[in-house]
Amino acid sequence: MSETSEGLVEKVFGLQETGATALGPAVLCAVALAKTNGTILLCTDGLATVGLGSMDALHSVADQEVVESFYRRVADEARGKGIVINTVSIEGEDCKLENLGILADLTSGKVRSIAR
């Protein structure tokens with residue numbers, strides 16, 4: 001297990017950001033593709049900025065409610081398939097874990113921030 005986690009950590013920290021983050025569509029696809037009773041590990045270094053679930057422009061309570069509703073629906077779909085979603089973010093990055101955490105909370109997953 002430690003060999004696997006060390007390699008994964010090395011790979012994650014070796015990634016370079018190159019643009020927008022379509023996190024909502026990515027997690028929705030992951031839930032659709034995951035097998036029943038599976039696990040999804042959602043890793044992000046930043047904010048969901050494009051597509052469904054975008055958190056780039058939350059200017060009102062209504063905007064926040066739309067985003068929360070999207071992630072709740074994704075979590076409900078995952079939970080219905082027995083899928084657990086664990087969320088990992090990079091400490092100090094603006095990932096809006098209050099929204100992404102819904103995925104973990106509703107699927108009995110965990111939320112974790114790791115130091116860069």
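For these notes I take contact to mean heavy atoms within 4.5 Å. The model is predicted, so I keep that in mind throughout.

**Entry 1: helices on the sheet**

I started with α2, residues 23-33, and asked which strands it lies across. The strands are β1 and β2, and α2 runs at about 165° to β1. Next I looked up α4, residues 97-106. This helix lies across β1, β2 and β3, and its direction makes about 150° with β2.

**Entry 2: the sheet itself**

What is the strand order? I read β1-β2-β3, in an open sheet of three strands with parallel pairing. β1 (39-44) and β3 (111-114) are the edge strands; each has a single partner strand, so one side of each has no neighbour in the sheet.

Then I went to the pairing of β2 with β3. How many bridges join them? Four, with β2 spanning residues 84-90 and the two strands running parallel. A reminder to myself: strands of a sheet pair through backbone hydrogen bonds, either parallel or antiparallel.

**Entry 3: α3 against α4**

α3 covers residues 61-80, and its axis comes within 9 Å of the α4 axis, with a crossing of roughly 25°. Angles under 35 degrees count as roughly parallel, so α3 and α4 are roughly parallel to each other. The crossing is right-handed. On the α3 side the contact is made by Q64, V67, E68, Y71, R72, V74, A75, D76 and R79. On the α4 side I listed N99, L100, I102, L103 and L106. By class, the residues of this contact are eight nonpolar, two polar and four charged.

**Entry 4: α2 against α3**

At what angle do the axes of α2 and α3 cross? Roughly 15°, and they come within 10 Å. The same cut-off of under 35 degrees applies, and α2 and α3 are therefore roughly parallel to each other. This crossing is left-handed. α2 contributes L23, G24, V27, L28 and V31 to the contact, while α3 brings F70, Y71, V74, E77 and A78. I sorted these residues too: eight nonpolar, one polar and one charged.

**Entry 5: cross-check**

I went back over the two lists for α3. Y71 and V74 are in the contact with α4, and Y71 and V74 also turn up in the contact with α2.

Key: Residues numbered from 1 in each chain as written. Predicted model: local features only at pLDDT ≥ 70, side-chain atom pairs only at ≥ 80, totals over all residues. Heavy atoms only, no water. Pairing = 2+ DSSP bridges. Axes fitted to C-alpha atoms, helices over the stretch in contact; angles between N-to-C directions. Parallel < 35°, antiparallel > 145°, perpendicular 65-115°, else oblique. Left-handed = near helix turned anticlockwise from the far one by under 90°. Nonpolar A, V, L, I, M, F, W, Y, C, P; charged D, E, K, R; others polar.
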